[in-house]
Amino acid sequence: MGETLTGGEALVRALSGHGVTRAFGIPGTHNLEIYRHLSAYGVRHVLTRHEQGAGYAADGYARVTGRPGVVITTAGPALLNAAAAVGQAYSDSVPLLVVSPGMPLRHPRLSTGALHEGRSQTEALRGVAAFSHRVSSVAEIDAAVARAFTLFRTGRPRPAHLEIPLDLLETAEETGPVRVSPDVVPPAPAPAAVRRAAAALCEARRPVLVLGGGARGAAGPALALAERLGAPVLTTANGKGIVPETHPLALGVSLHSPAVRKWLTERDAVLAVGTELAESDFWSAPPCLNGTLIRVDLDPDQMYAGLAADVAVVGDAEQALTALLAALDTAGGAHRHARVPEEDPARRAGELRAERNAETAGRDARWIPYLRAIRSVLPDDAVITSDSAQCCYYGALPHLPLGPAGRYLHPTGYGTLGYALPAAIGAKAACPGREVVALSGDGGLQFTVQELATAAQLRLPLPVVVFDNGGYGEIRDEMAARGDTPTAVDLAPVDLPALARAYGGRGTHVHSPDELGPALAEALRTPGPTLIAVPEETP
C-alpha cells in the first residue's frame, strides 16, 4: 500500500529522496503547502530577500558542492524574478531546480484576474531553462523530479523548472514508494577517438591545453598531461584554477589577451576540454585556429558548434584525459616531444604572462595590489565569488591566482549583474568551514544589495569587498571610447558600509592595500557580512 500525500508533500519527499537538504527561496500565498513539509523531510531553508538572490545563492551552492541547487518560489512575479538566475545557470552549465506553483489544472485559458496569474509560466521558463514541465497529477511529481535529476546526472548539467498546479499542491492522493533518478556512470570516450587524439598530440611540437568548467573534475590528469606534453595551459573563467595558476606552464584566464590569442593561432595542436571556446571566453569573436583542434566534452553538440573539432572525443573529461595519458604512453609520443621541442614551453608561458600583463598594465594597476592583499589572507581552499565588474573580469580573473583546492565563481556568458553577494551566501551555507569572499563593484552590488540582510541573519562570516567607482564603469568607458558623452552611468554616492550596518552587518572603508589585508582578516572572523568599500577614482 502506498502513502496518501498532498502534492506539496509529494514534492518535498521527492526532493529529499534525491538527497536535497537545502533550499533557497521566499514563501508566498501559493506555495505554503510546500513549506509546510520542509523540516519534516530534513530540508533546511535559506530565506533570501528577493527571488533573484535565491537563484544566485542556489547557483553558488551548486557550484561548490557539485549537487543541484534548489529554489522554491511562489507563482507569477516571484518565478520571473528568478528567471535571470536560471538563464545564468544555463549559460554556465549549473544544475539548478526551480519549483513553483501554477494556476489550477482547470484554470481557464482566458484571463480571469486571479492572483499571480500569467499567460504561461512554463513557456516563459523554457526560454532560459533546459526544460520547464507542468505536472498533471500528484503521482506524476515523483517522475518529474526524477527527470530533472536525470538531466543533471547525464550530459551537460543545466537548470530545470517544475510547476505544480495550485489545486494539486493541496490535493491528497495515494502514492507509491518515492521514485528516484538512477545512478548514471559518465560516458566513457570511444577508444578510437582517444587514439586519434593521442596520435595528433604525438605529432605536435607546439601543443596547448584549454580547460573550461567541464574539466573541473579532471584537474589531476589535466596537469599530468600538460607536463607530459610540455604544453602551456589556458583556462576560461569557469576553468580558473583547475591547474595551479602559479605553475610554470599556467597561463590562467588569458584567452582575452591579443598576444595570447595570436600565439594560440600558431599552435599545431589545441586540446580543448569542457569549454565552448565561445565569444564569452575570448571577449571577442573566436580566432581561426591553424592547428588540429581536439575537443573533449560531454556534450556532443560542442563538436560542431563554433570552432568545429578536427578530433572529437565525447565523454567524461577525467576518463578521457586519463585514457589519453595511457594512449600517449603506448604511442611513445611523450618521448618524441622531449627530443625535438620547438621552444622551452615554461619560458614561453612566462613571456606570454608578461605580455598579457603589459597590454593592460595601466588599467589593471589599480586592482593588482588589492588583489595581492586578498590573496595573502585567504587559504588555498577559499571560495571567491565575482560579479560582472571591472575589478573582477579585468582584475581578479587574470591576476588573482588560484589552485584546484580553491574556487572562483563568475557569471560568464549570460553576464548577469548582482551575482557575487548571493552566490557567496549559497557557497558559505554549503561549506561553512571554508572561507568565502565576494568581490563586486558598486553598480552590480546594488542589484542584490538587500541580500546583506540574508547574510546577517545567517550569522556566517562573509566579507564583501566592493570597488566603488561611482556607477557603471565599464559602460562609462565604452561610451567614452566611442566618443559619446557618458550618459546614465553615474550613480549618486551611497555610503555602502553604513548600508551594511543598517542591514545588521559591519562595514568599513579602506584606502590602501595595506589596510585591506587586516580588514579582510578581521571580517573572516566576524559573524555576519562585513562590507569593505574600496573607493576608486572616476573620470
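A nonpolar core here is a set of buried Ala, Val, Leu, Ile, Met, Phe, Trp, Tyr and Cys residues joined through side-chain atoms within 4.5 Å, where buried means under 20% relative accessible area with a 1.4 Å probe, protein chains only. This is a predicted model, in which local features need pLDDT of at least 70 and side-chain atom pairs count only at pLDDT 80 or more, while totals for chains, interfaces and linings use all residues. Residues are numbered from 1 along each chain as its sequence is written, and side-chain values use heavy atoms, leaving out hydrogens and water.

Let's start inside. The largest nonpolar core holds 36 residues, and L211, L271, V313 and L324 touch the most other members. Among the elements giving it two or more residues are helix 9 (191–203), strand 12 (269–273), strand 14 (311–314) and helix 13 (317–331). (Helices are DSSP runs of H or I, at least four residues, and strands are runs of E, at least two, numbered from the N terminus.) Now zoom in on V313: beyond its neighbours within four places in sequence, its contacts (heavy atoms within 4.5 Å) include P189, A193, I294, M303 and A320. Another core, of 32 residues, lies apart from the largest one; A373, V437, V510 and L520 are among its members.

Helix 18 (residues 390–399) is worth a look too. Its 10 residues are all buried, 10 of the 10, so the helix is largely enclosed by the rest of the structure. That run includes C391, C392, Y393 and Y394.

Stepping back, the protein chain has 24 helices and 20 strands, and 56% of its 539 residues count as buried. Its C-alpha trace spans about 75 × 60 × 45 Å along the principal axes.

Technical notes
Buried < 20%, exposed > 50% of the residue type's maximum accessible area, 1.4 Å probe, protein only.
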